[in-house]
Amino acid sequence: MMPRNMGSLDRVIRVVVGLALLAGFFLNTTAEWRWLYLLGIVPLMTGLAGTCPMYSILGVNTCARR
């Protein structure tokens with residue numbers, strides 16, 4: 001399992017953005033490019049998991065340091 005590299009605020013923002021995009025998928029049923037709302041799965045899952053593969057590649061860590 002990958003180590004956590006996201007802080008609390010980062011995780012909350014990702015979950016909110018992911019849920020908003022997924023809500024747009026279900027609420028905006030007539031949109032031509034509706035499937036793009038499904039990209040909300042990515043920030044939702046990384047926010048829930050607490051780890052971001054792109055952060056690991058770039059060496060970014062937003063966790064509070066002790």
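Just after helix H2 (41–49), Gly50 takes a positive phi of about 85 degrees. Helices here are DSSP runs of H or I with at least four residues, numbered from the N terminus. You are looking at a predicted model, where local features need pLDDT of at least 70, side-chain atom pairs count only at pLDDT 80 or more, and totals for chains, interfaces and linings use all residues. Residues are numbered from 1 along each chain as its sequence is written, and side-chain values use heavy atoms, leaving out hydrogens and water.

**Inside: helix H2 and its cover**

- Pro43, Leu44, Thr46 and Gly47 of H2 are buried, meaning under 20% relative accessible area with a 1.4 Å probe and protein chains only.
- The cover over the buried residues of H2 includes H1 and helix H3 (53–58).
- Thr46 counts as buried because its relative accessibility is 11%.
- Beyond its neighbours within four places in sequence, Thr46 is in contact (heavy atoms within 4.5 Å) with Met6, Arg14, Thr51 and Pro53.

- Arg14 sits in helix H1, and it counts as buried because its relative accessibility is 17%.
- Not counting residues up to four places away in sequence, Arg14 touches Met6, Pro43, Leu44, Thr46, Gly47, Cys52 and Tyr55.
- Arg14 and Leu38 are 24 residues apart along the chain, and their C-alpha atoms are separated by 14 Å.

**Outside: an exposed tryptophan**

- Trp33 counts as exposed because its relative accessibility is 54%, and exposed means over 50%.

Conventions
Helices (H or I, at least four residues) and strands (E, at least two) are DSSP runs, numbered from the N terminus.
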